[in-house]
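Subject: Structure handover

Hi,

Here is the structure for you to look over. My notes follow below it.

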Amino acid sequence: MRFWEKVRSSFYSPAFYAGIATQPVSSAFKFYFSIAAVLSLLISAVLSFQLIPVVQEFSTSTINDFVATIPEGLALSVQGNDAYTNASSTEPIFFNTHAAVPAENFTYLVIDTRQNFSIEQFQAYRTFVWVAHNGVGFVDEGSKVSFQPFEGVESFTMTRDDVVELVHGFRSYAWIFYALLIPGIFFVAFLYYVAVLLWLVFGAILVWGVARIRGIELRFKNTYAIALYAVSLGLVVRCILFLFVPTPIPVPFFFTIIFLVSVIANLEPRAFATKPQ
């Protein structure tokens, strides 16, 4: 049976499921990894198509706008655990772009080396990063304000030209990001499907329970093989929802429900009656 015919039969075909018990378990694993590879490829293609324009926008207009806000001749130095600029009379200096959050008047970066960091002043600046006299304050991944002092930092000086050079260096290596994007997403997605194999131990128990209720005798290896096929409908539905439906469906145990419905529909006693278990 061809792969796509197996996919269709895995959605609904009591006769197909009755025949799984007579097949080696390796055949079920082969099918599962095949559909996992197809879905991983679909996810990597769609997400890459969505992410590449965002990265290109960031690497061109957004970075250009940011660099344009840096005053000519500006230099930031860190010496003796303290920061200074050659434009202290014009501080605080705000860095922003059109892609920031204008409705809330947030800025990406503020340089104000005239005063030490404080939570109150950080919040007043409404920024994501503040380079203060004694360290750097920033919004971390948990949306909390963190502070990193300059203690132990070697002395350095950064100018506008240094930033421009860094930007050009980033762009020159952007092709590496594009080259790794699709295989990187594919690897992460496929790793998720490998992890689902652990959940399928619970799925096999559900298969065994449904089979017992419906009077079908199955060995555990057969229940796991059936689970490998029955989960395909849920995997396809979850993949489509993930890629094309931005709002999660507010149904508890949605994936498990789809799996259980597939098992109940396909474990037909009359189909199994003619198959040796």
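Contact here means heavy atoms within 4.5 Å. Keep in mind that this is a predicted model.

Start with F259. Leaving out residues up to four places away in sequence, F259 touches W199, L200, G203, L206, V207, A227, A230 and V231. F259 belongs to the largest nonpolar core, which has 45 residues. Y32, L200, F259 and L267 touch the most other members of that core. Helices 2 (14-20), 3 (25-68), 6 (174-213), 7 (220-244), 8 (254-266) and 9 (269-273) each give two or more residues to this core. Helix 6 has the largest share, with 12 residues.

Next, T223, which sits in helix 7. Its relative accessibility is 0%, so T223 counts as buried. A polar atom of the T223 side chain lies 2.6 Å from the backbone oxygen of F220. T223 also touches A204, V207, W208 and L218, again not counting residues up to four places away in sequence.

Three strands form an open, antiparallel sheet in the order 2-1-8. Strand 2 (82-85) and strand 8 (156-159) are at the edges. Each has a single partner strand, so one side of each has no neighbour in the sheet. On average, neighbouring strands are turned by 15 degrees against each other, direction ignored. Strand 1 (residues 75-79) pairs with strand 8 over 4 bridges, in the antiparallel sense. In that pairing, L76 stands opposite M158 of strand 8.

Best wishes

Methods. Residues are numbered from 1 along each chain as its sequence is written. This is a predicted model: local features need pLDDT of at least 70, side-chain atom pairs count only at pLDDT 80 or more; totals for chains, interfaces and linings use all residues. Side-chain values use heavy atoms; hydrogens and water are left out. A nonpolar core is a set of buried Ala, Val, Leu, Ile, Met, Phe, Trp, Tyr and Cys residues joined through side-chain atoms within 4.5 Å. Buried means under 20% relative accessible area, exposed over 50%, partly exposed in between (1.4 Å probe, protein chains only). A polar contact is a pair of N or O atoms within 3.5 Å; within protein, one must be able to donate a hydrogen and the other to accept it, and residues adjacent in sequence count only if both atoms are side-chain atoms. Two strands pair if DSSP finds at least two bridges between them. Axes are lines fitted to C-alpha atoms, for helices over the stretch in contact, and angles run from 0 to 180 degrees between N-to-C directions.
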